[in-house]
Amino acid sequence: MGHRVTLLPGDGIGPEVTEAARAVIDATGVAIEWEVREAGLPAIEREGEPLPASVLAAIRETGTALKGPVTTPIGGGFQSVNVRLRKALDLYASVRPVRTLPGVATRYEHVDLVIIRENTEGLYAGLEHEVVPGVIETLKIVTEAACLRIAEFAFALARRDGRRKVTAAHKASVMRMTDGLFLDCCRAVAARYPEVGYEEMAVDTLCMQLVLDPTRFDVVLLENLYGDIVSDLGAGLVGGLGVVPGANIGTAAAVFEAVHGSAPDIAGRNLANPLALILSGALMLEHLGEPAAAQRIVAATTAVLAEGRVRTRDLGGRAGTTDVRDAIVAALAGGRV
Ligand code: NAI
C-alpha cells in the first residue's frame, strides 16, 4: 500500500518548488497518494484564514506533510502559519542537515552537521505584553519536559546515524535559570548515551566556531531562538537558502519543508531553486521508511550538481526551476542513480 501525504503548495515560489519536489519523489517509484490543501495567501483569499482548521485536520490524518513556504502578511493581524503549525501539531523538533554539496562553491568543504532546534517554547512562546507605555515584556518559557524531549531526540538521532558528538548551545552565563535548566536536561540525557560525545558551548562562541571551522561540529542542539538563527547561519555555510532542507517532527505528525521563505521577489518566474524542497522530500521518504528512495534522490541531486550544467541563478547558473526538476527526474529515470 502507498503512503498518504498532505501537500501544501503554499504561495510565492511555493507552488513551483512543491511541483518540482513532487515530480522528483514520484519519479522514485514510491507510491504516494498526495492530498493537496491550500495554506497561506490562497487560503486567506478563499477562507479568510491562512491556516484553516481543515488543513490541520488533514495533516493529523495523514501524519505527514510536504510544505511549500507561505507568506506571513505584515500588519494583517495574522500569526505566522509556521509557528501555528508547529504549536498545533506539537512539532517539537526541527531538524536541519547542513551538508556541503558538490559543485556548489562555498568557503568550506566536507561540512556535514545536523542542527536540532527545540520548536515549541523559549522566547517563541509569543507571550508579550506592554507593562506600561514604552515598556514591553516578553516571556521566555522553558520546561523540563520539553528540554528532556528535545535532548532525547538529538541523542537518539546521533546514535541512529552513527554521529560522534552533540554540542548543546546556551547562554547560561546570563540566563542562568532558563538556559541552566536546558543544560541540566542535556547533561541528564547525555549520561544515558555514553557512546555519543557531549560538549556545551555559549551560543555566541558557537557562531564564531561555526564560521571558523564548521567541520568540527556534528549534532548541534539548541533552544528555539538560538536554533532559528544558527539554522540560517548553517545554510549560509553550504550554499544558502536554496539548498538546505528541513523537517519538523512531532510524535503524531511530521512536516517537511525548506528553510527558505516564499521569495515574492522571484515568484512565478521559474527562477526558484527547488533543491531545498527536493532534499526535504528525501528526508520525508526516510521518515516514511523508504531510505533507498531517499538515497536515490540525494544521489540524483548530487550527480546533477556535480555535472554543473543545470543550476539556478542563486547558484550562479541560468537554469529554471523546471530545468532542475527535469534533470533530476532524468537522472533517476536513466538509471544513473
Ligand atoms: P525568503 O527566504 O523568502 O527570501 C530571501 C531571499 O532569498 C530572497 O532574495 C529570495 O529571492 C531568495 N530565495 C529564497 N528562497 C529561494 C530559492 N528557493 N531559490 C532562489 N532564491 C531564493 O525570505 P523573506 O524574503 O524574508 O520572506 C518572504 C516571506 O516568506 C515572508 O512573508 C516570510 O514570513 C515568509 N517565510 C516563510 C517561511 C516558511 O513558510 N517556511 C520561512 C521564512 C519566511
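**Exercise 1. The ligand site**

How far from a nitrogen atom of the ligand does a polar side-chain atom of E257 lie? Describe the surroundings of the ligand as well.

*Solution.* The structure is a predicted model, in which local features need pLDDT of at least 70 and side-chain atom pairs count only at pLDDT 80 or more, while totals for chains, interfaces and linings use all residues. Residues are numbered from 1 along each chain as its sequence is written, and side-chain values use heavy atoms, with hydrogens and water left out.

Step 1. The polar side-chain atom of E257 is placed 3.1 Å from a nitrogen atom of the ligand, which falls under the definition of a polar contact as a pair of N or O atoms within 3.5 Å; within protein, one atom must be able to donate a hydrogen and the other to accept it, and residues adjacent in sequence count only if both atoms are side-chain atoms.

Step 2. Of the 820 Å² of accessible area that the ligand has on its own, the protein covers 67% (Shrake-Rupley method with a 1.4 Å probe; for residues, only the protein chains shown count as cover).

Step 3. The ligand is surrounded by 20 residues, and the closest are V70, G261, A263, D265 and N273 (a residue is near a molecule if one of its heavy atoms lies within 4 Å of it). Sorted by class, this shell holds nine nonpolar, seven polar and four charged residues, where Ala, Val, Leu, Ile, Met, Phe, Trp, Tyr, Cys and Pro count as nonpolar, Asp, Glu, Lys and Arg as charged, and the others, Gly among them, as polar.

**Exercise 2. A contact between a strand and a loop**

What joins the side chains of H3 and E290?

*Solution.* Step 1. The side chains of H3 and E290 are joined by a polar contact of 2.7 Å.

Step 1. H3 belongs to strand β1 (residues 3-8), and H3 counts as buried because its relative accessibility is 17%. E290 sits in the loop between α9 (275-287) and α10 (291-307), and a relative accessible area of 24% makes E290 partly exposed.

**Exercise 3. Strand pairing**

Do β4 and β5 run parallel or antiparallel?

*Solution.* Step 1. Strand β4 (residues 93-99) runs antiparallel to β5, with seven bridges between them (two strands pair if DSSP finds at least two bridges between them). Within this pair, L113 of β5 is the residue opposite V98.

Step 1. β5 also pairs with strand β10 (residues 219-222), here in the parallel sense and over four bridges; L221 in β10 is the bridge partner of I116. Strand β5 (residues 112-118) is mostly covered, with six of its seven residues buried.

Step 2. Strand β8 (residues 165-170) and strand β9 (residues 197-202) run parallel and are joined by six bridges, with E199 in β9 as the bridge partner of T167. From β8 the chain passes through helix α6 (residues 178-190) to β9 in a right-handed β-α-β crossover, meaning that, with the strands pointing away from the viewer, the path from the first strand over the helix to the second runs clockwise.

Methods. Helix = DSSP H or I, 4+ residues; strand = E, 2+ residues; numbered from the N terminus. Buried < 20%, exposed > 50% of the residue type's maximum accessible area, 1.4 Å probe, protein only.
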